[in-house]
Amino acid sequence: NISTPDMEDFYGVLCVSRNVGTDEIRRSYQCLAKRLHPDKHDAQLSAKERDAAIQEFHKVSRAYGVLSDTTLRHEYDTKLKAFELSQQWPVSDTVDLNQMDYDEREDRYSYCCRCGGSYLVTGEDLGCGVGVVCCSGCSLCIKLVFSSEAGRPSCAREGNV
């Protein structure tokens with residue numbers, strides 16, 4: 001299992017950003033592991049302090065095990081994104097679906113973010129009730145609104161959104 005019920009932030013555990021490569025992840029892990037390794041603990045630590053330090057070392061090792069493996073990292077990133085989307089997020093903007101560009105060939109709406117990334121939502125997403133969309137390039141989210149029933153996609157008119 002690569003995540004805990006509260007979705008532990010492995011990037012935070014290793015003190016790295018989400019866009020770093022495996023070399024930076026390895027360097028951060030090595031530094032933390034060297035500092036936190038059980039053999040490095042002060043003999044004067046209480047049993048409780050020693051247990052806490054060992055738990056921290058295991059947390060760092062678990063984070064590295066996931067983030068250093070490209071398959072596990074991709075799986076973790078997907079689960080992390082899903083977890084984040086399920087949380088209450090501060091919405092940076094409200095965008096009417098009519099303001100978004102629609103690509104009929106791809107059945108996808110898009111809207112440019114100030115970071116240069118895009119907010120993307122498909123017709124299928126709308127049918128599933130997606131109301132908040134995160135940017136593909138940063139952590140900003142927008143709330144989708146519909147100015148009129150006539151302008152809403154058919155799935156929305158049927159009460160799915």
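Trainee: Where is D96 in this predicted model?
Mentor: D96 sits in strand 1, residues 93-96.

Trainee: Why is D96 called buried?
Mentor: Its relative accessibility is 12%. Buried means under 20%. So D96 counts as buried.

Trainee: What makes the pair D96 and N98 a polar contact?
Mentor: A polar atom of the D96 side chain lies 2.7 Å from the backbone nitrogen of N98. The cut-off is within 3.5 Å.

Trainee: Why is C15 called exposed?
Mentor: C15 has a relative accessible area of 62%. Exposed means over 50%, so the word applies. C15 lies in the loop between helix 1 (10-13) and helix 2 (22-36).

Trainee: What is noted about phi of C15?
Mentor: Phi of C15 is near 60°, a positive value, and the residue is not glycine. Most residues other than glycine have a negative phi.

Trainee: Which residues have the most contacts inside the largest nonpolar core?
Mentor: They are L14, V60, L67 and Y76, in a core of 19 residues. Helix 1, helix 2, helix 3 (47-67) and helix 4 (70-86) each give two or more residues to this core. Another core, of 13 residues, lies apart from it and includes Y109 and V121.

Trainee: What does L67 touch?
Mentor: Beyond four places away in sequence, its contacts include F10, L14, I25 and Y76.

Technical notes: Residues numbered from 1 in each chain as written. Predicted model: local features only at pLDDT ≥ 70, side-chain atom pairs only at ≥ 80, totals over all residues. Heavy atoms only, no water. Helix = DSSP H or I, 4+ residues; strand = E, 2+ residues; numbered from the N terminus. Buried < 20%, exposed > 50% of the residue type's maximum accessible area, 1.4 Å probe, protein only. Polar contact = N/O pair within 3.5 Å; in protein donor to acceptor, adjacent residues only side chain to side chain. Core = buried A, V, L, I, M, F, W, Y, C linked by side-chain atoms within 4.5 Å. Contact = heavy atoms within 4.5 Å.
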